[in-house]
Amino acid sequence: MKAKYSKESRVIRTSRVFPNDVNNHNTLFGGRLMSHLDQVASTSAARHSRRECVTASTDSVDFLHPVRPTDSVCFESYVTWTGTSSMEVFVKIIAEDLKSGECKIAATAFLTFVALDQHKRPTSVPQVIPETEEERKLHETAPERTRMRKERKQKSKELTAFLTLNYPLEQYSL
């Protein structure tokens, strides 16, 4: 399978922030941002693998600056690292004040996707070739994130042994 450049999976989506997009603090609702970032990241994964993909994890969404109704918000995503069937996708969210033109990185996120074959089973994906300084840095630091991701997943599996399947309202029935 032939390796692909990070830029081949790049997705850029820009939109305005409207009143129905904000929370009670008059900033972009975090859930709305997360929905958009999952959409652009999944498109990057599909472009890279040319397969149907599923979200395996969202490692982090770091909210760095609030996004206001006077801003546009630009989501930029691309594949930074691949395993056998998995792909790490980085998403950078840039807010632009539409009156002043000032831009700032409002958030960053790492998500992992798995490519599926026609039987809905994991299938191999091409390796990724970074070119820019940003792409190379993210590619070089990916093995550490992968290690932490696997460790976190194992801890989550261990925690599930203590969780119940009881419907919450059953304990409070009158």
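This is a predicted model: local features need pLDDT of at least 70, side-chain atom pairs count only at pLDDT 80 or more; totals for chains, interfaces and linings use all residues.
User: Happy to have you walk me through this one. Why is Cys53 called buried?

Analyst: Glad to! Cys53 has a relative accessible area of 18%, and buried means under 20%, so Cys53 counts as buried.

User: What makes Cys103 partly exposed?

Analyst: The relative accessibility of Cys103 is 47%. Buried is under 20% and exposed is over 50%, so Cys103 lands in between, as partly exposed.

User: And how many disulfides does a search of the whole structure find?

Analyst: The search finds zero disulfides. Take Cys103 as a case: the nearest cysteine sulfur belongs to Cys74 and is 8.7 Å away. A disulfide needs two cysteine sulfur atoms within 2.5 Å, so Cys103 is in no disulfide.

User: Let's go to the loop between strand 2 and helix 1. Why is Thr27 called buried?

Analyst: Thr27 sits in that loop, between strand 2 (11–16) and helix 1. Its relative accessibility is 12%, and the limit for buried is under 20%, so Thr27 counts as buried. Setting aside residues up to four places away in sequence, Thr27 touches Asp21, Val22, Pro66, Val67 and Arg68.

User: What makes Asn26 partly exposed?

Analyst: Asn26 is in the loop between strand 2 and helix 1 too. At 44% relative accessibility, with buried under 20% and exposed over 50%, Asn26 falls in between and is therefore partly exposed. Asn26 also has a positive phi of about 60°, although it is not a glycine.

User: Which value does phi of Arg50 lie near, and why is Arg50 called exposed?

Analyst: Phi of Arg50 is near 55°, again positive in a residue other than glycine. You will find Arg50 in the loop between helix 1 and strand 3. Its relative accessibility is 62%, and exposed means over 50%, so Arg50 counts as exposed.

User: Now the inside. Which residues of the largest nonpolar core touch the most other members?

Analyst: This core has 28 residues, and those touching the most other members are Leu33, Leu37, Phe75, Met87, Val91, Ile93 and Phe113. At least two core residues come from each of helix 1 (30–49), strand 3 (52–63), strand 4 (71–82), strand 5 (86–97) and strand 6 (103–116). Strand 6 gives the largest share, six residues. As background, nonpolar side chains in soluble globular proteins tend to be buried together.

User: What is Phe75 in contact with, leaving aside neighbours within four places in sequence?

Analyst: The partners of Phe75 are Val11, Ile12, Arg13, Leu33, His36, Leu37, Val40, Val91, Lys92 and Ile93.

User: What makes Leu159, Phe162 and Leu163 a nonpolar patch on the surface?

Analyst: Nonpolar side chains within 5 Å are joined into a patch when each residue has over 30% relative accessible area and no salt bridge. Leu159, Phe162 and Leu163 form such a patch, with about 380 Å² of accessible area together. Leu159 belongs to helix 2 (residues 133–160).

User: To finish, which pattern does the protein chain follow along the sequence?

Analyst: The pattern is β-β-α-β-β-β-β-β-α, with two helices and seven strands. Of the 174 residues in the protein chain, 37% are buried. Among contacts with a separation of 6 or more, 74% come from residues 24 or more positions apart. The accessible surface comes to about 10900 Å², and 54% of it belongs to carbon and sulfur atoms.

Terms used. Residues are numbered from 1 along each chain as its sequence is written. Side-chain values use heavy atoms; hydrogens and water are left out. Patches are made of residues with over 30% relative accessible area and no salt bridge: like charges are joined within 9 Å, nonpolar side chains (Val, Leu, Ile, Met, Phe, Trp, Tyr) within 5 Å. Accessible areas come from the Shrake-Rupley method with a 1.4 Å probe; for residues, only the protein chains shown count as cover. A salt bridge is a side-chain nitrogen of Lys or Arg within 4 Å of a carboxyl oxygen of Asp or Glu. Helices (H or I, at least four residues) and strands (E, at least two) are DSSP runs, numbered from the N terminus. Buried means under 20% relative accessible area, exposed over 50%, partly exposed in between (1.4 Å probe, protein chains only). A nonpolar core is a set of buried Ala, Val, Leu, Ile, Met, Phe, Trp, Tyr and Cys residues joined through side-chain atoms within 4.5 Å. Contact means heavy atoms within 4.5 Å.
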